[in-house]
Amino acid sequence: MFPTEAKVVVIGGGVLGTSAAFQLADDGNEGVVLLDRGPIASGTTPFAAGQTGYLTNNKAWLPFTAWSLEYFENFEERTGYPIDFRQTGSLRLALTEKYLPDLEARIEAGREYGEEFEMISPEEATKLAPGLDASKAKGILLVPRDGHVDPKSVAVAFAAAAKDRGVSIHTNTAVQDVVLVDGKVKAVKTDKGTIQTDWVVLAAGAWNRQFAGKIGVDLMTVPVRHQAFVTAPLPNVSHEQPIVRITEPQIYVRHEAGGLLVGGYGYRPLSFDMDDFPDDFEIPALASDKIYIDQLHRAATEFFPALKDAVIIQERRGLPTIAPDAKLVVSEIPNAEGLIVASGCMVGGISKSPGVGRVIADIVGGKKSSLPAETLRADRFGEEYADDTRLRSKCEQVYSTLYLDVI
Ligand SMILES: Cc1cc2nc3c(=O)[nH]c(=O)nc-3n(C[C@H](O)[C@H](O)[C@H](O)COP(=O)(O)OP(=O)(O)OC[C@H]3O[C@@H](n4cnc5c(N)ncnc54)[C@H](O)[C@@H]3O)c2cc1C
């Protein structure tokens, strides 16, 4: 039966919405409803590379990323469902002196957090990732606890665990409107009926800004296209090899089913206004940009020569959301009491999903979060990006330098 009342309605069954629904229910909240207009994980989530990355160069942010990593390490104990988290470790290569301070800042942040990290030689790096030519690296940082996971399995596991805790899940249910009365959330209108509620979590991925705009909220996060590709199996590629992240060409390369998965930033950044798509647009219909893929392929071949003749068997692309200061937005909206937004995933929503869900459950629970939630407020931007063109151009620029200015 379709519910007519709820304590919290979560809009969007991607990795952020499902994490929120699970953690709300796990905290003991009754009356949580999760809605998606498609099946679970029908937006950008299933196309992700699923990599976790927690060792930032920003000390203040590390408690959030480390908490999320620890969650992945104990995912089955926490939710009851396995997710095949492959903790392969990662290598971060700086090719020029300019980015050595970034590696050092990460080591320093980790040390303050109580973990020691080491730089390794190009020879050691190639031993760990046999197809890698690391000879041009000026510095290589090894992060043993990083890894990757099948991204869809995370959303599916969160959803299954949420259902076990009593969350009422309705897929193929499109949310049409959020009703606000005197600046407070009162109801959610869907194509299946209206649900009275005091809380709404907007986790609609690429559609967040468009949806928020319809109810009078100017949300400063913009969907920006991100692409990756996967090759057919290659010699010398092992499922145990670490993720390789190379700072200056801004690429990442990891194992996928015997081949390599390659993605990167700065290649033809393109933002979107979701109003420019037809109403029935879905992420799988996003057009491939072959030039982006070619540029990425060429950039990665310099470091993984076997890629030169590799057959590309899959392209992955989607619309992650970018904020102009490169940080998440996870926040109640000041002039819309009861409306919480989860956006600005910064192409890291899988990795950050446990922390995002935690912050949302803390907001609903009226608790001061143990994570640095204050920095994620939606009202932190002021008037600077009130102009849409300016906002989009800034978000494209942030996306295109994500590995260069990373936090
Ligand atoms: C190629 C690629 C590689 C990536 N690699 C990584 C990586 O290695 N690590 C990492 O952490 N992240 C990665 N990402 C980013 C990651 O995919 C995103 O951060 C994450 O999936 C965002 O999840 P979400 O829940 O916000 O959005 P989505 O997964 O898009 O979910 C939003 C959901 O909302 C639903 N919805 C929208 N409007 C409505 C409505 N009106 N009513 C009901 N439902 C609605 C949609 O159907 C959808 O299911 C990558 C992304 C891409 C494209």
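Tutor: Keep in mind that this is a predicted model. Strands β4 (residues 90–94) and β6 pair in the antiparallel sense, over five bridges.

Student: Which residue in β6 is the bridge partner of A94?

Tutor: G139 is the bridge partner of A94.

Student: And how many bridges are there between β5 and β6?

Tutor: Two, with β5 (residues 118–119) and β6 pairing in the antiparallel sense. In that pairing E118 stands opposite L142 of β6.

Student: How many of the five residues of β6 are buried?

Tutor: Four of the five, so strand β6 (residues 139–143) is mostly covered, where buried means 20 or more other C-beta atoms within 10 Å.

Student: Now the whole chain. How many helices and strands?

Tutor: Ten helices and 21 strands. Buried residues make up 52% of the 407 residues.

Student: What share of the contacts comes from residues 24 or more positions apart?

Tutor: Counting contacts with a separation of 6 or more, 76% are between residues 24 or more positions apart.

Student: Switching to the ligand. Which residues come nearest?

Tutor: G12, G14, G43, G205 and G349, out of 42 residues around the ligand.

Student: What classes make up that shell?

Tutor: The shell has 19 nonpolar, 19 polar and four charged residues.

Student: Which helices and strands supply at least two residues each?

Tutor: Helices α1 (15–26) and α9 (349–365) do, and so do strands β14 (226–231) and β18 (312–318).

Student: Back to G349. Where is its place, and is that residue buried or exposed?

Tutor: G349 belongs to helix α9. G349 has 29 other C-beta atoms within 10 Å, and the cut-off for buried is 20 or more, so G349 is buried.

Student: What is G349 in contact with, sequence neighbours aside?

Tutor: With neighbours within four places in sequence left out, G349 is in contact with V15, L16 and P320. G349 and T44 are also 9.7 Å apart in space, C-alpha to C-alpha, while 305 residues separate the pair in sequence.

Student: Next, the nonpolar core. Which residues touch the most other members?

Tutor: In the largest nonpolar core, which has 133 residues, V10, V201, L202 and I360 touch the most other members. Helix α6 (residues 151–164) gives the most to this core, with eight residues.

Student: What does L202 touch?

Tutor: Not counting residues up to four places away in sequence, L202 touches I11, N208, F211, A212, L339, I340, V341 and A342.

Student: Last topic, backbone angles. What is phi of A257?

Tutor: Phi of A257 is near 50°, which is a positive value in a residue other than glycine. A257 is in the loop between β16 (251–256) and β17 (259–264).

Student: And R268, what is phi there?

Tutor: Near 45°, again positive in a residue other than glycine. R268 lies in the loop between β17 and α8 (290–301).

How values were computed. Residues numbered from 1 in each chain as written. Predicted model: local features only at pLDDT ≥ 70, side-chain atom pairs only at ≥ 80, totals over all residues. Near = placed C-beta within 6 Å. Nonpolar A, V, L, I, M, F, W, Y, C, P; charged D, E, K, R; others polar. Buried ≥ 20, exposed ≤ 12 C-beta atoms within 10 Å, placed from the backbone. Pairing = 2+ DSSP bridges. Contact = placed C-beta atoms within 7 Å. Core = buried A, V, L, I, M, F, W, Y, C linked by C-beta atoms within 7 Å.
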